[in-house]
Amino acid sequence: MPDVCLYFQVHQPNRLLPYDFFRIGENANYEDEAMNREILNKVAEKCYLPANRMFKRLIEANEGRFRIALSISGTVIEQMQLYRPDVLESFQELVASGGVELLAETYYHSLAFVHSNKEFERQVELHLQKIEEVFSVRPRVFRNTELIYNDAIAAKAEMMGFDGIIAEGVERNLVGRSPNFLYRAPDTAKIKTLLRNIPLSDDLGFRFSDAAWPEYPLTSEKFAQWITECDGDVVNLFMDYETIGEHHWDETGIYKFWESIPEAITEAGLQWVTPTEAVELYRAAREYSCELITSWADTERDLSAWMGNVMQQEAIAKVHHLENKVLSINDADLTDAWGKMQTSDHFYWMSTKSGTDGGVHQYFTPYPSAYDAYIYFMNVLADLQIRLHRALEEKGIA
Amino acid sequence: MKRLRVLKLGWEFPPLINGGLGVACLGLARALAKHVDLTVIVPQSSPESDSEEFELQGLNRLSLKSLKAAEERYRYESFAQVQKVPVFLDPYGNEESSTDIYELTHEVIRDPLEIFSETTAEQLGTFKLGALYGPDIGSKVIEYSKIAAKLALLGDYDIIHAHDWMTYLAGVEVKKATGLPLVVHVHALQYDRSGAGDHGWIYDLEKFGMEHADCVVPVSHYTGKIIIEHYSIDASKIRPVHNGAEPVKAFETKKKFPEKLVLFLGRLTSQKGPEFFLATAARVIAKNPNVRFVVAGTGEKLRSLIESGAFRGLGAHFHFTGFLDKEKVNDLLSMTDVYCMPSVSEPFGLSALEAAQFGIPAVISKQSGVSEILKGALKADYWDVELMAKHIDNLLTDDKLRERVIKQAKLDISASTWDAAAVKVVSIYHELAC
């Protein structure tokens, strides 16, 4: 029977103000601080604080048998430092329990890899520094924004010294094989790829509270039973942390489920591992080839959630186009403002997809429409360009 | 000469709708009131627009009782067989045009004259609430015409003056009921909104009104030509009168960014040609990246324009403000370097005059009425984006040209007043009344 590996993503973006044309050149504050604070407060009350307390208790009560992994973006850490130091402390206490592995990612939760190797490295480095500073640990497994992955990213992560990397177990690359094994990316020597088990992860992340789902209501015993029936070495259950209490409210029984799952898994004769433990325990015997980029977003599981339409394509291209200017000016504020504009959520909100995926995009957006998201973003970008231009002139570079 | 009594039939009236039609009706009414006794009937009016200069009657504020004396004397004729008109028009809507097909089943009534002529409380009530445009505009136009005819019978008038197609049916009804001469004022045509091929109910009403009119007053020679060519109206009864422009308090604001600013102001519909503005912008920016283009306004084309702009990679230099109130529009005008009006068909184009009052040189399409007034403005066919771009670039780089265009515009607008327009209209009244 396979082991069970649990990883949660913790992230909040910096939402922009409804930044209209008249602010360009005048207003260097881009973020809707009130909204960012309010959403952080809401998610902290519904998810972060109670879930952290629960997992800390479960880790301690299970005496080392129950362990989890978290990936916490740089932007959410900054928000917690700014608005809710108590919430960050609660994460620190959870990590100090010894049962939590932290993963590496891009500081700004960005699509940097797709556009610039150099910027990607800078952001991963920045995130490693932040995690070390706040949690005093150095992650060994890398997960890219929303599991954006291909062979090149795996090779890059290996070069940067990571032992493992996380990806979506996409059928078009698995071609019938099980996601419950570790795999080797082509042209890598030792880094191992862990693949998300899509159906089992989504049972918890999406379907759990769906009363129309035939398996509803899901109990931890039933879920543990399903895992015992799986083949392979390790079942990877990867999802957003906010699914606990925020996407699925407390009333759905989500907390009861997580309360009881550690014991249910052990009772079923299974054991918990973290990503690094999985990498150490199991061989990656077979190759998982993934030339075209995959992700865990939308039905397409590609980049179309962020780069599917012309607005998204233009916005993201224009941001990355500023790289050389920003880095040559080397001003901390400007570099940070530019980095925050790379956060993938900005482009996610510009999606004009319809159907179920469109509904998910709209659930998360702070704006009336994708078009407003684009307009505000481009106006902010125009202001940033003006500031960069001024800074260049001051430096006498222009 | 005796002071004439004029019954004016309008549809929009500020502050309820601040479209071009309402603004023009108010401007002309104020200037006319200096020469004639004026009564204005509109579907909806708000008490704040009541004026001592003329009498304003909003049907929303009318009581059924006040029509009573006229009911006996009036028989409705024009559309007696039709109860419901399947027409939809909302010139201020933002939705992309719907693909719904309206069923063309006119309900025919058995004894039309009896039922139809009398105004019911329910019919009068439709003017109290709801929009002036929208799905029931057809019925509103018919009800308005009946009530207007009755009100005309209750007063003493010498001339009827109707503004745009919504009131033409009323103008004809009043003329039939009273025998008075009818002037129809043409602020915009279905031709402008939908092109030459759209011959629906609105086109028919426009033609019907102009055919029954004793005089047709288009707001420009450009529109007069369309009336002759596309509506086959006798050229001898067409008398163009240009609109005036209320003087605005112009001011200048320093931009917060170093780039030049080129402005498009108007509703984002095919008629206003925003796509041509976008195509022009692409050409200017390719040559001179230190320019920002701003689209102020909203409409059914907004989303497709945003997408086209993104596709052309113009974002961050091509901005959308959405709908702006008057104050914001003025803020924008105060920092604008060039005004661009690439309308596909623009009967007049008041905004170009307003821009001129702010000392902004204009690049305007030849297919506009205002091009007859702004003699110095740089002109191009609306589709000629190359020339449009060249004009804009020249105005941004050639200060002498810029000064010349501004100077000429100042001269031109000084003559464009509502008083001047009113004098021409009054002379038409006197010709018809004697």
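**Notebook: a predicted two-chain model**

I began with confidence, where pLDDT is the predictor's confidence in each residue, from 0 to 100. Helices here are DSSP runs of H or I with at least four residues, strands are runs of E with at least two, and both are numbered from the N terminus.

This is a predicted model: local features need pLDDT of at least 70, side-chain atom pairs count only at pLDDT 80 or more, and totals for chains, interfaces and linings use all residues. Residues are numbered from 1 along each chain as its sequence is written, while chains are lettered from A and ligands numbered from 1 in the order in which they are written.

**Entry: confidence**

I noted ipTM 0.87 and pTM 0.89 for the model. Chain B averages a pLDDT of 88, and 90% of its residues score at least 70. Over residues 97–106 of chain B, pLDDT stays under 50. The model has seven contacts beyond four places in sequence for that stretch. Two residues are in contact if their C-beta atoms, placed from the backbone, lie within 7 Å.

**Entry: where the chains meet**

I looked up the contact between the chains. On it, 20 residues of chain A meet 15 residues of chain B. On the chain A side, α13 (310–321) and α18 (370–395) of chain A each supply at least two residues. The largest share, nine residues, comes from α18(A). I sorted the chain A side by type: 13 nonpolar, three polar and four charged. Ala, Val, Leu, Ile, Met, Phe, Trp, Tyr, Cys and Pro count as nonpolar, Asp, Glu, Lys and Arg as charged, and the others, Gly among them, as polar.

**Entry: domains**

Domain bounds come from an automatic or database domain assignment.

For chain B, domain 1 is written in two pieces, 5–244 + 418–433, and domain 2 covers 260–414. I saw 21 residues of domain 1 of chain B in contact with 13 residues of domain 2 of chain B. On the domain 1 side, α1 (20–32), α7 (190–194) and α9 (221–231) of chain B give two or more residues. That side divides into eight nonpolar, nine polar and four charged residues.

**Entry: a sheet in chain B**

I traced an open sheet of six strands with parallel pairing, in the order β9-β8-β7-β10-β11-β12 (chain B). Two strands pair if DSSP finds at least two bridges between them. The edge strands are β9 (318–322) and β12 (378–380) of chain B, each pairing on one side only. Neighbouring strands are turned by 20° against each other on average, direction ignored.

I followed β8 (residues 291–296) of chain B. Four bridges join β8(B) to β9(B), and six bridges join β7(B) to β8(B). B:A296 stands opposite B:G322 in β9(B). B:L261 stands opposite B:R292 in β8(B).

How many residues of β8(B) are buried? Six of the six are, so β8(B) is largely enclosed by the rest of the structure. A residue is buried if 20 or more other C-beta atoms lie within 10 Å of its own, exposed if 12 or fewer, and partly exposed in between, with C-beta atoms placed from the backbone. B:V291, B:F293 and B:V295 lie on one side, and B:R292, B:V294 and B:A296 on the other.

**Entry: a sheet in chain A**

I found an open sheet of five strands with mixed pairing, in the order β4-β5-β7-β6-β10 (chain A). β4 (141–143) and β10 (286–287) of chain A each have a single partner strand, so one side of each is left without a neighbour in the sheet. Five bridges pair β5 (residues 164–168) and β7 (residues 192–196) of chain A in the parallel sense. A:I166 stands opposite A:L194 in β7(A).

**Entry: one residue, B:A352**

I found B:A352 in helix α13 (residues 350–357) of chain B. B:A352 is buried, with 29 other C-beta atoms within 10 Å. Not counting residues up to four places away in sequence, B:A352 touches B:Y339, B:M341, B:A362, B:I364, B:V370 and B:L374.

Definitions and conventions. Axes are lines fitted to C-alpha atoms, for helices over the stretch in contact, and angles run from 0 to 180 degrees between N-to-C directions.
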